[in-house]
Amino acid sequence: MNTSRAAATAPKDKATLKGPIVWLDMDQRELDDAYDQLVYAPNRDQLTKRRITNSAAARQRIGEPLRFAYGPTPAEGLDVFRPKSGSGAGKDAGAPVAIFVHGGAWRVGSASDYSFVAEPFVRAGGVFVVLDFTAVDDSGGSLLPMVEQVRRAIGWVYRNAVTFGGDPDRLYLISHSSGSHLAGCAVTHDWSKDGLPRDIIKGATLSSGMYDLKPVRLSKRSAYVKFTDAMEEALSAIRHLDQLATPLIVSYGTYETPEFQRQTRDFAAAVKAAGKPVELLVGEAYNHFEMLETLANPYGLLGRAVLAQMGLAQS
């Protein structure tokens with residue numbers, strides 16, 4: 001038996017009969033479970049508490065971030081962590097800039113919850129930016145304002161990077177979970193429409209994300225996201241690879257839901273088939289939330305990969 005596949009199969013009451021097929025080989029219950037992280041990661045709440053505690057501890061070690069607004073609403077802000085003077089890549093020139101887009105089912109999370117991810121990048125001499133943006137519950141159930149804000153925040157960082165020691169020509173995008181859906185919409189955006197370079201993002205690492213909204217729309221997430229045909233088409237990154245001008249790293253853990261694994265594999269295969277650079281990383285025995293912790297470790301699966309992508313040495 002394929003142990004990875006077995007590990008990613010949610011337990012089901014043997015007495016429960018399979019219902020009508022909704023997506024691939026899944027009935028409604030299976031599909032709903034496949035887009036519910038708690039079903040496959042029962043330690044979610046523990047990891048959430050650890051993330052918030054570790055973020056507070058990281059801010060004590062590397063200092064409080066600079067806070068900037070990229071738009072007029074309270075949600076449109078970002079945290080900027082800078083390397084210490086004279087460290088690493090930031091010594092003689094603008095430092096490479098990592099922009100992080102957090103997850104949270106499009107509903108929860110704030111930049112301050114993810115400060116812990118910044119530490120290895122700051123210590124290696126990079127600038128680390130964590131975005132805030134609206135929640136879908138505050139945008140009338142639409143994902144469009146979230147995507148627009150993430151794109152606008154990236155443009156703001158490009159235009160203002162030199163003011164906080166960053167190099168606008170070395171922007172890198174990092175994301176996790178629903179943040180990777182938003183980031184996927186950023187890397188497949190036509191940046192020329194905003195008067196910005198088509199290759200504004202020099203590299204991106206998208207972890208544990210969704211790149212086709214069709215199955216998501218069929219799942220219980222439609223209870224709080226008001227999907228439309230136009231939204232599904234516009235915000236499914238896999239359908240807009242003609243605009244992709246960014247080398248990608250995509251990843252998932254073998255203890256993630258079967259749909260989050262499939263979405264990543266299918267996206268990587270589509271990017272490769274389009275003749276564009278992509279690397280697929282698989283975190284053996286990591287669940288959805290544990291994958292994020294590897295990003296905060298310079299020797300972890302994602303931390304090592306992103307540091308190398310940015311040209312930063314492990315510290």
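**Exercise 1. Strand β6**

Task: Determine which way the side chains of β6 point, and whether they are buried or exposed.

Solution. 
- Val127, Val129 and Leu131 point one way from β6.
- Phe128 and Val130 point the other way.
- All of these residues are buried. Buried means under 20% relative accessible area, exposed over 50%, and partly exposed in between, with a 1.4 Å probe and protein chains only.
- Five of the five residues of β6 are buried, so β6 is largely enclosed by the rest of the structure.
- Strands (E, at least two residues) and helices (H or I, at least four) are DSSP runs, numbered from the N terminus.

The model is predicted: local features need pLDDT of at least 70, side-chain atom pairs count only at pLDDT 80 or more, and totals for chains, interfaces and linings use all residues. Residues are numbered from 1 along each chain as its sequence is written, and side-chain values use heavy atoms, with hydrogens and water left out.

**Exercise 2. Partners of β6**

Task: Find the sense in which β4 and β6 pair, and the sense in which β5 and β6 pair.

Solution. 
- Two strands pair if DSSP finds at least two bridges between them.
- β4 and β6 pair in the antiparallel sense, over four bridges. Valine 80 has valine 129 of β6 as its bridge partner.
- β5 and β6 pair in the parallel sense, over four bridges. Here alanine 98 has phenylalanine 128 of β6 as its bridge partner.

**Exercise 3. The whole sheet**

Task: Write down the strand order of the open sheet, then name the strands at its edges.

Solution. 
- The order of the eight strands is β3-β4-β6-β5-β7-β8-β9-β10, and the pairing is mixed.
- β3 (66–69) and β10 (278–283) stand at the edges. Each has a single partner strand, so one side of each is left without a neighbour in the sheet.
- From one strand to the next, the twist averages 20°.
- β7 (residues 166–176) and β8 (residues 201–207) pair in the parallel sense over six bridges. In β8, alanine 204 is the bridge partner of leucine 173.
- Helix α6 (residues 144–160) packs on the sheet and touches β3, β4 (77–81), β5 (95–101), β6 (127–131), β7 and β8. Its direction makes about 150° with that of β7.
- Contact means heavy atoms within 4.5 Å. Axes are lines fitted to C-alpha atoms, for helices over the stretch in contact, and angles run from 0 to 180 degrees between N-to-C directions.
- β8 is mostly covered, with six of its seven residues buried.

**Exercise 4. Glutamine 149**

Task: State where glutamine 149 is placed, and what it is in contact with.

Solution. 
- Glutamine 149 is in helix α6.
- Its relative accessible area is 8%, so glutamine 149 is buried.
- Set aside neighbours within four places in sequence. Glutamine 149 is then in contact with Tyr70, Thr73, Glu76, Phe133 and Thr134.

**Exercise 5. Helix α7**

Task: Count how many residues of α7 are buried, and list the elements they pack against.

Solution. 
- α7 (residues 178–187) is mostly covered: 10 of its 10 residues are buried.
- Among them are His181, Leu182, Cys185 and Val187.
- The buried residues pack against β5, α6, β7, β8, α8 (213–218) and β9 (248–253).

**Exercise 6. Alanine 124**

Task: Locate alanine 124, and decide whether alanine 124 is buried or exposed.

Solution. 
- Alanine 124 lies in the loop between α5 (119–123) and β6.
- With a relative accessible area of 7%, alanine 124 is buried.
- Alanine 124 and glycine 303 are 179 residues apart in sequence, but 11 Å apart in space, C-alpha to C-alpha.
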